Amino acid sequence: MTPTLALDTGTGSVRSPLPAPRSPLLKVLRYELSNVARSRWLLGYAAFFLLATDALLRFGGGGPKALLSLVNVVLFVIPLVGLVFGTTYLHAAREFTEVLLAQPVSRGQLFAALWLGLALPLAGAFALGVALPFAWHGLGDDPAALATLLTLGGVGVALTAVFVALAFLIAVRSDDRVKGLGVAVGLWLALGLLYDGLVLLLVAMFADYPIERPVLALMLANPIDLGRVLLLTRFDSGALLGYTGAVFARFFQGAGGTAVAATALALWIAVPVALGRRAFLRKDF
Amino acid sequence: MLEITGLTKRFGAHAVLGGVDLALRPGRVTAIVGPNGAGKTTLIKSVLGLTRPDGGEIRLDGVAVRAGDDAYRARIGYMPQVARFPENLSARELIAMIADLRGMGAVRGLADGAADAPGAPDDLLDVELLDRFALQPHLGKPLRALSGGTRQKVNAVLAFLFRPALLILDEPTAGLDPVSSGILKDKVLAERAAGRTFILTSHIMSELEELADDVVFLVEGRVRFAGPAEELLRRTRQTRLERAIARLMLDRVDARDDDANGAAA
């Protein structure tokens, strides 16, 4: 019988030189990755960071300034894309998810594979898009630039993981695509814009009190702010943030502060993933 | 084979399944019919573990299926009504992926050396439909480039591929041309003859006429009739299944009127 040969030819892109993975998670992940890696929007996402970084390095006047502008681009774009792509992706994959769930595979493993299958390519596209222009333009003469760039990379990857997880939590809990997308965009507006406005208001209202610590806590409670504080305290311009900025800089540049910030980011990944997984395990498809 | 007892499921205030009892006879095609919203899809999805029932029991080959069980699904092939696959993968990759998940990765390894060991994978994998549907020229294309009908054929290939003991086909011929639809029906009959058990839903009466050995008639989440198609014909004094099922649906309306009267009295 020849039909089996059909499975044989042309599967080069499926096969890796590594031995075939045993865990269902890795099996699904392998195909999810090759599916997502071939999509045009991922290419567009990488190209966006490539062009933005290149333009900032070319016209933005030197390394540190370009980096500072890049921080703002990253903190704006990654949460938005993670949330919008994440909800759209999971909703679009609904029927195929049902096909996969009808196989002898556990839901928990499938959820992890779906999350990693989107978060890893998005993080990779971001990292590559930012790293390449720095590779050909150089880092400039600031010795701290590499550390800042690495922090930017780390924060970008972590935020990708956070917002894809939040998007999956939203998508699993909403069967209506439009509603899911609405909640995702609403969450982005709330965390990216409204939250900062409220914090500023609070700071203005309690300006006479020593509120650095409560504000610090508020910063930890929003992953975008957490990323911003982590990054801005790497710049000399951190001093521009005034007394509060100085407190933050002292806090986050110390070993203890970095550990707290890293733990907070890790929690921001772990909690939405755990909640999304729980909802996925209980969902009626 | 498959035994369902007292299966209940509510979505909010709405009871979709109100205590379904059902026993499939092995080696037969059981058609699940009923008006829209009768709970057919929920019943199928409960068997597959896609929907978590609130109460009742599902036993496959005598073993109760519990929430979180996964291995039992290796004995079930599922052909969903709508086939949507990852659009950038090719059909070949999709088949390889599902084979991989089913622990048939080794078979793919065998297929590598298919020239050395021709026919060996056939013991485990049923690729007949791949051939009958003439899917070979389409296997390398991305799935998004395939027509709806071709994707549906891939869908059918996947359901039969692993020689499952139980096949669940949800509106299987929707979207297939008459020739392909005939090929699929022939395949169902051949596999039934080989002892496989089928659950079939369809709104195409000629298809039910041709394939259904047993009929389960669901109304508002309850089994109104379950038995051989011939008995349904005899009971409703009809000669065609279409008429008999229509008769059942009309009876449903009468029954509801009675209920309403009873409640009012």
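In the predicted model, six strands of chain B make up an open sheet in the order S6-S7-S8-S3-S9-S10, with mixed pairing. Its edges are strand S6 (76-79) and strand S10 (222-228) of chain B, each of which pairs on one side only. Direction ignored, neighbouring strands of this sheet are turned by 15° against each other on average.

Helix H8 (residues 229-236) of chain B lies across S9 and S10 of chain B, and runs at about 110° to S10(B).

A further open sheet in chain B consists of 4 strands in the order S2-S1-S4-S5, and its pairing is antiparallel. Strand S2 (14-23) and strand S5 (63-64) of chain B are the edge strands, each pairing on one side only. Strand S1 (residues 2-11) of chain B is joined to S2(B) by 7 bridges, the two strands running antiparallel. B:Leu7 has B:Val20 in S2(B) as its bridge partner. S1(B) also pairs with strand S4 (residues 55-60) of chain B, in the antiparallel sense and over 5 bridges; here the bridge partner of B:Glu3 is B:Arg59 in S4(B). The pairing of S4(B) with S5(B) is antiparallel and comprises 2 bridges, with B:Leu60 opposite B:Val63 in S5(B). S4(B) and S5(B) form a hairpin with 2 residues between them, and B:Asp61 in the turn has a positive phi of about 50°.

Two helix contacts were examined, one within chain A and one between the chains. Two packed helices are described by the angle between their axes and the distance between the axes. In chain A, helix H5 (residues 107-137) packs with helix H11 (residues 255-282) at an angle of about 130°, and their axes are 9 Å apart. H5(A) and H11(A) are therefore oblique to each other, and H5(A) passes H11(A) in a right-handed crossing. On the H5(A) side the contact involves A:Arg107, A:Gly108, A:Phe111 and A:Trp115, which meet A:Val273, A:Gly276, A:Arg277, A:Phe280 and A:Leu281 in H11(A). The residues of this contact divide into 5 nonpolar, 2 polar and 2 charged.

Between the chains, the axes of helix H1 (residues 24-37) of chain A and helix H2 (residues 91-101) of chain B come within 10 Å and cross at roughly 175°. H1(A) and H2(B) are therefore roughly antiparallel to each other. H1(A) contributes A:Pro24, A:Lys27, A:Val28 and A:Tyr31 to the contact, and H2(B) contributes B:Glu93, B:Met97, B:Asp100 and B:Leu101. Of the residues in the contact of H1(A) with H2(B), 5 are nonpolar, none are polar and 3 are charged.

As to confidence, the predictor gives the complex an ipTM of 0.86 and a pTM of 0.86. The average pLDDT of chain B is 85, and 88% of its residues score at least 70. Over residues 106-120 of chain B the pLDDT is below 50, and this stretch has 21 contacts in the model beyond near neighbours in sequence. The pLDDT is also under 50 over residues 253-265 of chain B, where the model has 0 contacts beyond four places in sequence.

How values were computed:
Residues numbered from 1 in each chain as written. Chains lettered and ligands numbered in written order. Predicted model: local features only at pLDDT ≥ 70, side-chain atom pairs only at ≥ 80, totals over all residues. Pairing = 2+ DSSP bridges. Axes fitted to C-alpha atoms, helices over the stretch in contact; angles between N-to-C directions. Contact = placed C-beta atoms within 7 Å. pLDDT = per-residue confidence, 0-100. Parallel < 35°, antiparallel > 145°, perpendicular 65-115°, else oblique. Left-handed = near helix turned anticlockwise from the far one by under 90°. Nonpolar A, V, L, I, M, F, W, Y, C, P; charged D, E, K, R; others polar.
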